[in-house]
Amino acid sequence: MRTEHHPLLPSTPGARHELVSLHFGTSHARPGAGPKVYIQASLHADEVPSMLVAHHLRSRLAALDAAGQVTGEVVLVPAANPLGMGQWMLRSPQGRFEWGSGENFNRQFTDLTSAVIERCGDKLGADAQANVALVRTALRGAVAALPATTSLEHLRRTLLGMAVDADVVLDLHCDGEALLHLYSTHAGWDAGGELLTRCLGAEVALLAGRSGGDPFDEACSMLWPDLAERLGPAKPVPPACLAATIELRGEGDVAHGLAERDADAILVYLHHRGAIRLDPAPALPPTVCEPTPLAGSMPLHAPHGGVLVFLCEVGQRVCTGEPLAEIIDPITGATSVLTSPVDGLFFARERKRFAVAGMPIGKVAGREALRQGSLLSA
């Protein structure tokens, strides 16, 4: 295992923040190396379960590396947001939005498609694998050229620089209270997303093209199908990166048993992708779920403030019109019942039990794409 330290630009004189990455196996740049895998935890710094999963991955990967069983390259960032980790107010972590700009830490990652075409478009030819190598070289240069005048911009550039040339990118998050689920793209599903879902035992897989907001995973993966579309069949570019945002259940699901299970599941996936070698070789897990469109994931919003009482547990199959929650005004006694907008799986809900008007309080995964525009929450 090799540890690298990445100092970030200070936002004020005397301030110091540092990103730490752990590296296992053979450099992706060396001929004959296996796939490169990039895994980061808690880009939303108040989402703790993934940091515990990374803790267990660290020890397992170190042992595999020492035994010569890391056959590719694995980069693990166990705490991907040192800026957000320090944002506490009134005993509560505020790690989702950067205080200085108000920006979501997992939005506004740069789309590098045009920059790659400018750097290597005239060098690409009929050999798809040679094109992949040229594009990855161009990507590394394009990321290095990104401006970084703030701590947030420097954090985004540093994370993207470690991930953008990877074959697999796993961005570990969590929801309020939820089933284990993941977000990926249609191209990513065909490039290994189905296998990832099986290995994780994920109960929901939500697919989209560009979901809006430019999250980290799409900055790594969507440029590949975009390049293929813009360059045409004469310069073939395969979907060379599977990137997925993995929601490791809910905020309170911080336990060694769960984290060990999730770390083991990720290692099984890495084995089947050829990045590590496990002995004995694990069997391929069965299919748990079929993918559904992210545009079919229907959010519920509180019509007014009040006490939030759920009438349905996460994991339940629900029908259109089925009551899922109540919002009770404690002063007037007015009660609103929130019902399921579609047939589907009630897979995530708010952890707080008091709602303000307009607050998203739950999500139902349906099979029909009903939404348009930006598909991610704030």
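This is a tour of a predicted model, stop by stop, with what to select at each one.

The model is predicted: local features need pLDDT of at least 70, side-chain atom pairs count only at pLDDT 80 or more, and totals for chains, interfaces and linings use all residues. Residues are numbered from 1 along each chain as its sequence is written, and side-chain values use heavy atoms, with hydrogens and water left out.

**Stop 1: the nine-stranded sheet**

Select the strands of the open sheet that runs β1-β2-β4-β3-β7-β11-β9-β10-β12. Helices (H or I, at least four residues) and strands (E, at least two) are DSSP runs, numbered from the N terminus. Two strands pair if DSSP finds at least two bridges between them. The sheet has nine strands, and its pairing is mixed. Its edges are β1 (2-8) and β12 (292-293), each of which pairs on one side only.

Now pick β3 and β4, which are joined by five bridges in the parallel sense. To find one of the pairs, select Gln 40, whose bridge partner in β4 is Val 77.

Axes here are lines fitted to C-alpha atoms, for helices over the stretch in contact, and angles run from 0 to 180 degrees between N-to-C directions. Then show α5 (residues 151-163), which lies across β1, β2, β3, β4 and β7 and runs at about 150° to β1.

**Stop 2: helix α1**

Select residues 49-66, which form helix α1 with 18 residues. From first C-alpha to last, α1 reaches 26 Å, close to the expected 26 Å; the expected span is 1.5 Å times one less than the number of residues.

Which residues of α1 are buried? They are Pro 49, Ser 50, Leu 52, Val 53, Ala 54, His 56, Leu 57, Leu 61 and Leu 64. Buried means under 20% relative accessible area, exposed over 50% and partly exposed in between, with a 1.4 Å probe and protein chains only. The cover over these buried residues includes β2 (17-25), β3 (36-41), β4 (73-77), β7 (168-175), β11 (242-250) and α9 (256-273).

Stay on α1 and pick Ala 62. With a relative accessible area of 28%, Ala 62 is partly exposed. Draw a distance from Ala 62 to Met 1: the C-alpha atoms are 5.8 Å apart, although 61 residues separate the two in sequence. Just after the helix, select Gly 68, which takes a positive phi of about 75°.

**Stop 3**

Show α1 and α9 together. Their axes come within 8 Å and cross at roughly 50°. The two helices are therefore oblique to each other; angles under 35 degrees count as roughly parallel, over 145 as roughly antiparallel, 65 to 115 as roughly perpendicular and the rest as oblique. The crossing is right-handed: a crossing is left-handed if the near helix is turned anticlockwise from the far one by less than a right angle, and right-handed if clockwise. On the α1 side the contact residues include His 56, Arg 60 and Leu 64, and on the α9 side they include His 256, Glu 260 and Asp 264.

Then select α3 (residues 113-120) and α8 (residues 223-231), whose axes come within 10 Å and cross at roughly 55°. That makes α3 oblique to α8, and this crossing is right-handed. Thr 113, Ser 114, Val 116 and Ile 117 of α3 meet Leu 223, Asp 226, Leu 227, Arg 230 and Leu 231 of α8.

**Stop 4: the four-stranded sheet**

Select the open sheet in the order β17-β16-β14-β19, which pairs antiparallel. β17 (335-339) and β19 (354-355) stand at the edges with a single partner strand each, so one side of each has no neighbour in the sheet.

Follow β14 (residues 306-310) to both of its partners. Two bridges join β14 to β19, where Val 307 stands opposite Phe 354. Four bridges join β14 to β16 (residues 323-328), and Val 309 has Glu 326 as its bridge partner there.

**Stop 5: Ser 340**

Finish in the loop between β17 and β18 (344-349), where Ser 340 is found. Is Ser 340 buried or exposed? At 1% relative accessibility, Ser 340 counts as buried. Beyond neighbours within four places in sequence, Ser 340 is in contact with Val 318, Cys 319, Thr 320, Gly 321, Glu 322, Leu 324 and Val 364. The C-alpha of Lys 363, 23 residues along the chain, is 8.8 Å from that of Ser 340.

Conventions: Contact = heavy atoms within 4.5 Å.
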